[in-house]
Amino acid sequence: MSLKFVQVIVERALTQNATGGNSGGTYQGGNFAGTAGNASSILDLTFSGADAPNYLIGNSDAYAGSGGNSSGGGNEAANFGQAGTAVAQINLRNVGNVSATANATGGNGSQDAGFGYAGGQGGIATASASGNSTGGGNVNVTANQIGGSGGYGSNDAVGGNGANSILMNAVSGATTGKLTLTQNATGGNSGGTDGGDFTGMAGNASSIMDLTFSGDSTPSYLIGNSNAYAGSGGDSIMSGNEVANFGQAGTADAQINLRNVGNVSATANANNGNQHGSKIIFNFYASNGDHAGNGNTATASAEGISTGTGSAGGYSIVTASATGSSGGYNNSYLGNGGTGGNATAEAFGSNASSNPVTVTSNATGGAGGYGYTGGGNGGIATASASGNSTGGGNVNVTANQIGGSGGVGSYGAMGGNGANSFLRNAVSGATTGKLTLTQNATGGNSGSTYSGGNAGMAGNASSIMDFTFSGTDVPSYLIGNSNAYAGSGGYIINPNPGNEAANFGQAGTADAQINLSNVGNVSANATANNGDQHGGNIYLYGFTGVPAGNGNTATANSEGISTGTGSTGGYSRVTANATGSSGGYINQGNGGTGGYATAEATGSNASSNTVTVTANATGGNGGIGSGISNSGGNGGDAVATATGESSGSAVVNVTANATGGAGGGGLHGAMDGISGSGLADAYGTGASGLVKATASSNFAGLVNVTALASAPVISGNTSPTHTEAFANVQGSIRSETLANGIQAAAFISAMPNSTDVKNALTSQVANAIISAGDSVLGLMTLATENMTPGSTTAYQSEIDWTINTANMENPSRHLILGLNSVHSSGNGRVTFNINLNNGASIISDGFSSFASAESYFTNNPVIDLGPLAGLSSGGNLTLAVSLDVIPTTAGASFDPGIAFGGPAVPEPSTLALLALGGLGLLKRRRKKVESRE
């Protein structure tokens, strides 16, 4: 028997480096610097048969020499001090896997010195790469091309130009496995100057990839990456008579267009956030009006198409990302920061199979640079994306658009403005499968300022989506997300009182709208802000009287309609979320006011599928205030309205939630701000379901109140079931008459003013509470009116309290429950509950008729619930009062009057310094009851 040994080469890595020499410089006026060495590296290899490795890795690198420096210009010849060029090529062929990389870097230009002279030009780089696997292995091919930077100009010389870097189909490959192609083009930085009229011109970068694979020998998975990174402006010291586009960054342009039978992933990136205009470095002798270099444009365009059908087809993933270069900073006494560059990104993807299509476009404006005369403005962003699947695959399309932030203004200068971000139908798509469309608009933050300046204007954000799909080739499931996020106000240090501009430090506005109509299923979602937005914070040292920046409004409006009937119709799911931006913080003065929030959602269909509608509105929180005679900012009000209806036989569930923004806290003797109010309305029409409204408000963690109202949707009702909830603290009460005709309503006003209390109290309640030295903490409305029988679900009104009683005044006093007059019409069953600390109900009474319920309320005018010290748990008292009514006659109403009293409550002006003491009164509609008696 003989043994045969077979050698298996798992991996072979080959690297070839070529480096050109730097040229010699010259000293004190020589006519020539030496010639920089060029570099060239070419690697071209084939492996087959027994010598072929499983994995072949090759690198071909070329690094050109740089120009030598000159310390004093002479009678210089052409191309004095120019850098060398670099050429890198690689071509690898193997049976197995292949990785081929070419790296080419141009040399840097020489430094030159003296007025009338210039730094050398950056060297040109050229890179190309190719890889081939004859056995179907994975192939990874990369070309990196970096232009040389321009030389520095010293002693009033001007800077040299950075080299451009342009790639056009510089990579190629072949395999039936996975093929990854990447090309990176990087422009050279411009040369700076210490007093010349010019920096050099920064190098532009362009990467273009346009490839098609067809037939039987196509890759199973094609991945392409086309990236372009512009050169930055060189630094300037003691700049002189600057010309237009002084120190501007280069442009970046990334394009990719891929077509393949199977899977496709195409990505284009223009810039990565590190690019910027020329920075002006501090110098006492800087001339008036010096301006740092501006950012420049970035453009990314990506397209990926999978052409195969059926099982031969693949998915398509496409991403385009562009970031405008930033403006340079300027720390000379008399200069402006550079303006951020604009950014544009567009993406398209498609396929012809049942595989998914995912398309994303990201555009971010460049940030403004800081300056002593003024911060630079943020750059504008523009994003768009589209996707389709003719084979019925799921399609997901997203556009993200972010405005550039303003630069900081130093020493009394105004901060730069944040860029607005407006999107309107920036996404589109088509498929008979699931289609998801998302657009996110984000405003740029305003530039900050210190030592007497004004902050810039924060960028507004608006996202509007309005689409109708009808006919036969419509998506089975349409999902839309329209989101807007406002820019925040910049921070402010030591502003001069009285020198504030209008809307000083205010956050931007956010407006999100969506209107979708589809034959089948629909989900429409609008979101305005996410809770991170705020007015400008202020830090004062020795000044007072300047308020922190206010929050601003957030509006979300969402509508979703399923138009199909019978089996073609679908469900409707609609959500609107709005959050007002918060007020800014201040360390000596009044906190900023929270922004107002409005959310409105409407959903409908014509089939038996469910309709679900939700509107959530949250007012912005007030900012923290500090110092005696000052206060935290007031919280913003919130209004939520939700409407659901079905002309078919659908279950309709509708929810509206409104939460007032919390008042800002008070530090060092400042009062706490007043909380915002919440108002929620919900409407529903259909075969069945539930309509629910919830409103909440709170005060400084001492009092939290929530009003809840819910009612069933009754089949056959042509008028919608309506519920309403209202809650506030220290604000005006909501008029009792506004509850007339509403199926279920709950209003609560905590810590009401004395006039409202006086008008609300009956003599029995006054005798039981006020005469005992107790105080009134709240006025409540509970109502169930114009009810329709036909459901086992009760019409419910409820008020929930959470009260901090840790330092309550005289906790030995008792909690008093006063049952005022009651009126009813029609008949039904009533359940009345009072629950403490989320435990078992201390009162739980059920009545089989309105008459027996009235008798209970009439015969028990005052109920002593016991001493407060024994009712609270862990320093907190949680109280829930609920009224459940199930009518047995059409149009029935049941309206009781309920009151609570407890120990005295400190005056509102002292609540920031004292713990809360007291429970209060909850009162139901005295005027209306009296008119019926």
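This is a predicted model: local features need pLDDT of at least 70, side-chain atom pairs count only at pLDDT 80 or more; totals for chains, interfaces and linings use all residues.
View 1. Tyr539 counts as partly exposed because its relative accessible area is 28%. Tyr585 is likewise a partly exposed residue, at 27% relative accessibility. The ring centres of Tyr539 and Tyr585 are 5.9 Å apart and the planes meet at 55°, so the pair is classed as tilted. Tyr539 belongs to strand 34 (residues 538-539), while Tyr585 sits in the loop between strand 36 (572-579) and strand 37 (597-606), so the pair ties together parts that are 46 residues apart in sequence.

**View 2. Tyr221 and Tyr315, an edge-to-face pair.** Aromatic pairs number eleven in this model. For Tyr221 and Tyr315, the ring centres are 5.6 Å apart and the planes stand at 75°; that angle is over 60 degrees, so the pair counts as edge-to-face. Tyr221 is in strand 14 (residues 221-229), and Tyr315 is in the loop between strand 19 (298-309) and strand 20 (316-323); the pair thus links distant parts of the chain, 94 residues apart.

**View 3. An aromatic cluster and two arginines over rings.** One aromatic cluster is made up of Phe832, Phe847, Phe850, Tyr856, Phe857 and Phe894. Elsewhere, look for arginine placed over a ring: the charged end of Arg573 sits over Tyr571, 3.9 Å from the ring centre. Arg734 lies over the face of Phe747, with 5.5 Å to the ring centre.

View 4. In soluble globular proteins, nonpolar side chains tend to be buried together. Here the largest nonpolar core has 153 residues, and Leu181, Trp801 and Phe894 are those with the most contacts inside it. Beyond four places in sequence, Leu181 touches residues including Val141, Val171, Met209, Leu211, Phe213, Leu222 and Ile223. Leu258, in strand 16 (residues 252-260), is buried because its relative accessibility is 0%. Among the residues Leu258 touches beyond four places in sequence are Met209, Leu211, Leu222, Ile223, Gly224, Val264 and Ile305. From Leu258 to Ile223, the C-alpha atoms are 8.6 Å apart in space, and the two residues are 35 apart in sequence.

View 5. Thr449 lies in strand 28 (residues 449-450) and is buried, because its relative accessibility is 0%.

**View 6. Model confidence along the chain.** The protein chain has an average pLDDT of 87, and 85% of the residues score at least 70. Two stretches deserve a careful eye. Over residues 1-6, pLDDT stays under 50, and the model has zero contacts beyond four places in sequence for them.

Note on methods
Residues are numbered from 1 along each chain as its sequence is written. Side-chain values use heavy atoms; hydrogens and water are left out. Helices (H or I, at least four residues) and strands (E, at least two) are DSSP runs, numbered from the N terminus. Buried means under 20% relative accessible area, exposed over 50%, partly exposed in between (1.4 Å probe, protein chains only). Rings of Phe, Tyr and Trp (its six-membered ring) pair if their centres lie within 6.5 Å; planes under 30 degrees apart count as stacked, over 60 as edge-to-face and the rest as tilted. A charge sits over a ring if NZ of Lys or CZ of Arg is within 6 Å of the ring centre and within 35 degrees of the ring normal. pLDDT is the predictor's confidence in each residue, from 0 to 100. Contact means heavy atoms within 4.5 Å. A nonpolar core is a set of buried Ala, Val, Leu, Ile, Met, Phe, Trp, Tyr and Cys residues joined through side-chain atoms within 4.5 Å.
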